[in-house]
Amino acid sequence: MSEQGKEVHRRRVFYIPGYDPFHPRRYRELYRKESAAQAEITGYEIGLKPKQGKGPYGWHVSALIDGAQVESEIEVLYWADMVKVSMNMGIASTYGVMAQTAWTYISTGALWRLMRLRKGPVIAALYPVGFLLVQASLAWLAAYGIAQGVQTILPSGVGAALGWGLGALLAYGILDFFRRKDNKFFAYYLMHDYAYSARTRGANPAELEVRMGEFVTRIGEAMEGDADEVLVIGHSSGAHIGVSVLADLLRAKGMQEAGPELSFLTLGQVVPMVSFLPEAWRLRADLAYMASQDRPFWVDVTAPGDGCAFALCDPVSVSGVAPQDKKQPLVFSAAFTQSLSPERWRELRWKFFRLHFQYLCAFDAPKDYDYFQITAGPQTLLQRYGTRVPSKSRIEAPVNRFTSLAP
């Protein structure tokens, strides 16, 4: 572990996004806007510059925090191209994967066990199924109404054919309208998100495994550099990707005593949505392995106000794979209801997707969680949270039916 008194002057940050089809510039602009807001609230200096060094997606941060000058290189580990490909489905295909995904979670019993943890993310998972069925029902009713109306005017075989033909066109128009407006409804987006892991029953798709190997290489190269800390951040679905990436890195290279301090931060994790599936043996093995390590220091931050995350659910313990010598992660809450002023909380509380990104944003009544001090400040993750106690309300009960660590 790093020395408690050692300041960070140079940091490498690797951010693994969730299942998002966004270009990395979106995260850069979010960081630019929110870091400026947090700096003004908290009273430090922070600014962004173009990325320095290798790597296609990222930015450079210069900060003056607690009297210390810190230079941080932030890189987005990109997999949005695979997300876009997986979302590139027509209407019929989306309804097909909806049926397959629902059957996977119901038939394996995963859905009922997930409901014993937190209702919020399960409701978020059921929402796209429900709303897609509502869309289909509206389309059917409209088609049926048109068909009956035409047949009333033309009570013949021709009238029936014309009526149902017009009805089918109207039904398609309604379904296509909802598909094109999904940036407001998120039903297609969420459906493809849950289907991405469900289609392989929890196993990583082959193309993702290849990309994760590239992530291991990038982080491994940073560990051989002159940074004081290498910080890996997994947000949402990126949390379970980060677990496996770091487990692979440790198995391949181990942890040398010299060199940068390796740190791991998971935010708004949805690990149980994958680890509770029968073929997620690879993820469960990596969770158990990471939980038994002293390094990297692993902090898991969620918040009950985030309805899209398994808030305060220890991802190792609830998955039923906690080893006897379990050491990690440290689980605590970002406490949205306390870290945001009453006015700001009232403004955001029903904006579920915005709240899922609040971990990456400014708090106007900050407590001890500050994303920008973590990523650009003079302390390592261990120095900042090494003596912090976990949240008392965390859930550690093992409720997963599938606990195998090998196929």
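Here are some questions and answers on how terms are applied in this predicted model.

Residues are numbered from 1 along each chain as its sequence is written. Because the model is predicted, local features need pLDDT of at least 70 and side-chain atom pairs count only at pLDDT 80 or more, while totals for chains, interfaces and linings use all residues, and side-chain values use heavy atoms, with hydrogens and water left out.

Q: Why are α9 and α10 called oblique to each other?
A: Let's start with the names: helices (H or I, at least four residues) and strands (E, at least two) are DSSP runs, numbered from the N terminus. Helix α9 spans residues 206-223 and helix α10 spans residues 238-253; they pack at an angle of about 60°, with axes 9 Å apart. Axes here are lines fitted to C-alpha atoms, for helices over the stretch in contact, and angles run from 0 to 180 degrees between N-to-C directions. Angles under 35 degrees count as roughly parallel, over 145 as roughly antiparallel, 65 to 115 as roughly perpendicular and the rest as oblique. The pair α9 and α10 is therefore oblique.

Q: What makes up the contact between α9 and α10?
A: Contact means heavy atoms within 4.5 Å. On the α9 side the residues are L208, M212, F215, V216, I219 and G220, and on the α10 side they are I241, S244, V245, D248, L249 and K253. By class, the contact of α9 with α10 holds 8 nonpolar, 2 polar and 2 charged residues. In this scheme Ala, Val, Leu, Ile, Met, Phe, Trp, Tyr, Cys and Pro count as nonpolar, Asp, Glu, Lys and Arg as charged, and the others, Gly among them, as polar.

Q: Which hand does the crossing of α10 and α12 have, left or right?
A: A crossing is left-handed if the near helix is turned anticlockwise from the far one by less than a right angle, and right-handed if clockwise. The crossing of α10 and α12 is left-handed, whereas that of α9 and α10 is right-handed. Helices α10 and α12 pack at an angle of about 65°, and their axes are 9 Å apart. Their contact includes H240, V243 and L246 of α10 along with R282, L283 and Y289 of α12. The residues of this α10 and α12 contact divide into 9 nonpolar, 2 polar and 4 charged.

Q: Why does C313 count as buried?
A: Buried means under 20% relative accessible area, exposed over 50%, and partly exposed in between (1.4 Å probe, protein chains only). C313 has 0% relative accessibility, so C313 counts as buried. C361, at 1%, counts as buried too.

Q: Is F276 buried or exposed, and how do you know?
A: F276 is buried, because its relative accessible area is 1%. F276 is found in the loop between α11 (272-275) and α12. Not counting residues up to four places away in sequence, F276 touches several residues, among them A110, L114, V318 and F402. The C-alpha atoms of F276 and L114 are 7.8 Å apart, although 162 residues separate them along the chain.
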